[in-house]
Amino acid sequence: MLDVAKQANVSPSTVSLYLRKPDAVSEKLREKVRQVIEGLHYVPNRMAGSLAAAKSRTIAVIIPTISNSFFARSVEAMQEVAEKAGYNLLLGNSDFNPEREEELVRAFLEWSPAAVVLTGCHQNERTIGMLKAAGIPVGQMWELGTPHLGLQVGFDHTALGQSALEHLYEGGCKHVIYLGVRLDCDHRARVRADAYVEAVKATGLHAPLVINIPPTTEHLVQGAGTAIASALAANKSIDGVICSNDWLALGVLFEAQRRGIRVPERLSVIGYGDLDFAECSNPPLTTIRPHRWQIGSQLMQGLIERCEATQDEWPDHAVDVGFDLIPRGTSRLF
């Protein structure tokens with residue numbers, strides 16, 4: 001770093017500031033330092049920097065799955081915010097397993113991260129104990145509730161489940177079922193399913209039915225098609241399906257097309273996620289859009305502010321970013 005400062009004719013503190021917060025350095029000096037760093041092929045030693053400052057510039061992020069674009073979009077947002085502030089992300093995949101999440105938290109804490117991000121608020125007691133003992137900022141995303149470990153950015157999954165059912169009822173559906181996957185371990189989908197059950201019971205229109213596709217099902221789209229075919233064979237009065245994600249909804253649409261079932265006239269379908277294909281399906285998929293980017297960016301911004309403040313300035317705080325119900329062609333109200 002001293003070599004960079006000497007060749008760029010700036011102070012070492014300017015180089016240090018550039019490496020930590022590039023935007024805090026003037027554009028002219030920023031370009032000068034950048035060119036020297038590239039010319040010298042200089043790579044900062046983050047470990048040495050952390051030891052010297054007694055503070056890491058790495059934030060650990062644990063998500064349930066890396067294949068789900070819901071969480072991928074939030075991670076992209078977190079990475080963008082973190083990089084601008086001079087932080088890096090360390091990513092782990094818990095596979096919806098609390099014990100795996102615990103193992104990842106323990107492993108990440110060994111590297112003294114500046115903060116930890118978790119998905120949801122269903123951590124086990126050992127994980128909670130480790131994080132409290134670590135004395136670093138903790139963020140929980142995609143859900144609001146307990147245990148509250150510091151900063152939460154998410155939305156109300158109970159309200160979301162109720163909204164989906166109300167939308168189909170308002171469109172004229174009389175018998176709505178819920179189709180999910182991994183409901184035994186995906187707590188957020190389980191909360192939405194439970195909200196559906198309670199709302200159906202309150203109406204008294206029909207008995208609630210929750211179908212849980214096994215997590216071992218290799219192809220969710222195909223699994224959803226098989227599940228809705230069995231449900232319709234057992235009860236021909238079913239005229240609405242709430243799906244725990246858009247992939248399942250796509251499987252229901254494909255099965256309806258194979259069987260000549262008119263959507264939404266005979267069967268209404270609502271998904272969750274508003275994935276890229278939702279607007280392009282035939283018919284376009286009615287779905288619920290979570291604010292994926294907003295969740296990641298707001299959470300990371302809040303965590304970085306805590307990383308650069310004293311611990312007594314870390315009040316418990318929850319941010320409800322809400323969700324949007326997007327009516328399209330698979331339901332009767334659009």
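**Rings, helix face and backbone in a predicted model**

Colleague: What does W247 count as, in relative accessibility?
Modeller: W247 counts as partly exposed, because its relative accessibility is 40%. The cut-offs: buried is under 20% relative accessible area, exposed is over 50%, and partly exposed is in between (1.4 Å probe, protein chains only).

Colleague: Before we go on, what are we looking at?
Modeller: This is a predicted model: local features need pLDDT of at least 70, side-chain atom pairs count only at pLDDT 80 or more, and totals for chains, interfaces and linings use all residues. Residues are numbered from 1 along each chain as its sequence is written, and side-chain values use heavy atoms, with hydrogens and water left out.

Colleague: How many aromatic pairs does the structure hold?
Modeller: There are 5. Rings of Phe, Tyr and Trp (its six-membered ring) pair if their centres lie within 6.5 Å; planes under 30 degrees apart are stacked, over 60 edge-to-face, and the rest tilted.

Colleague: Why is the pair of W142 and F155 edge-to-face?
Modeller: Because the planes are at 65°, with the ring centres 5.9 Å apart. W142 is in the loop between β4 (138-141) and β5 (151-154), and F155 is in the loop between β5 and α8 (157-170). Helices (H or I, at least four residues) and strands (E, at least two) are DSSP runs, numbered from the N terminus.

Colleague: Is F155 buried or exposed?
Modeller: F155 is buried, with a relative accessible area of 1%. W142 also counts as buried, at 1%.

Colleague: And what does W247 form with F277?
Modeller: A tilted aromatic pair, 4.7 Å centre to centre with 50° between the planes. W247 is in helix α11 (residues 246-258), F277 is in the loop between β9 (268-270) and β10 (287-290), and they are 30 residues apart. F277 is buried, at 18%.

Colleague: New topic. Which residues of helix α2 are buried?
Modeller: In α2 (residues 12-20) they are T14, V15, Y18 and L19. They line one face of the helix, because they fall within an arc of 135° seen down the axis. The arc is that of the directions from the helix axis to the C-beta atoms.

Colleague: Backbone next. What joins T146 and P147?
Modeller: A cis peptide bond, with omega about 0°. P147 lies in the loop between β4 and β5.

Colleague: And what is the phi of D274?
Modeller: Positive, about 50°, although D274 is not a glycine. D274 is in the loop between β9 and β10. D274 counts as buried, because its relative accessibility is 11%.
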